[in-house]
Amino acid sequence: MYKTRKQRLAYAKQYREKNRELLNKENRERYYRTINYQRKRAKKFYEENKIAFLAKSRRNYIKNSSVVCKRAKMWAKNNPVKYRLSMILTGIKGRCKNPKHIAYKYYGKRGIKCFLKFKDMVYLWNRDKAFELKKPSIDRINNDGNYELSNCRYIELSENIRKKNAKIN
């Protein structure tokens, strides 16, 4: 039909230009057929080996979570004050922002918000000399106010419980 390579390439180019739309449609269909086929095979393979997959993923989860736990424990051990303050701040934010938190109805539902940051927690810790207290507990001076620098202080846990019980009675 065509004697030289150049002629064959020229014909192929003309054919592609004429039938570009048709080729694109065919290529798309072929691509989606292969993708769907691969998905079906993967799903079938997963169904056949589901127990092995779940066991392996569980092993990997346990393996990785133990590494994460070790790192967290080491960090907590090396930075006890930072760890404690970050946990207190996490608890405050949970009570104020997370509707699934057990104490949300006493804080977030009442409109109490947390405007404290970690630096503010450190400032409060040092200002109130919480490191000298046996069991320091964060307290809001105005019980209906938000968690903000001017409304918070550290006091002894027993005193905070007494204050809470006095308001209930």
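**Cysteines, a loop residue and confidence**

Modeller: A search of the whole structure finds zero disulfides, a disulfide being a pair of cysteine sulfur atoms within 2.5 Å. This is a predicted model, in which local features need pLDDT of at least 70, side-chain atom pairs count only at pLDDT 80 or more, and totals for chains, interfaces and linings use all residues. Residues are numbered from 1 along each chain as its sequence is written, and side-chain values use heavy atoms, with hydrogens and water left out.

Colleague: Is Cys152 buried or exposed?

Modeller: Cys152 is buried, at 0% relative accessibility. Buried means under 20% relative accessible area, exposed over 50%, and partly exposed in between (1.4 Å probe, protein chains only). Cys114 also counts as buried, at 12%.

Colleague: Turning to Asn151, where is it found?

Modeller: Asn151 is in the loop between strand S1 (136-140) and strand S2 (152-156); strands (E, at least two residues) and helices (H or I, at least four) are DSSP runs, numbered from the N terminus. Asn151 is buried, with a relative accessible area of 7%.

Colleague: Where is confidence lowest in the protein chain?

Modeller: In helix H3 (residues 50-78), with a mean pLDDT of 67, whereas S2 is highest at 92; pLDDT is the predictor's confidence in each residue, from 0 to 100.
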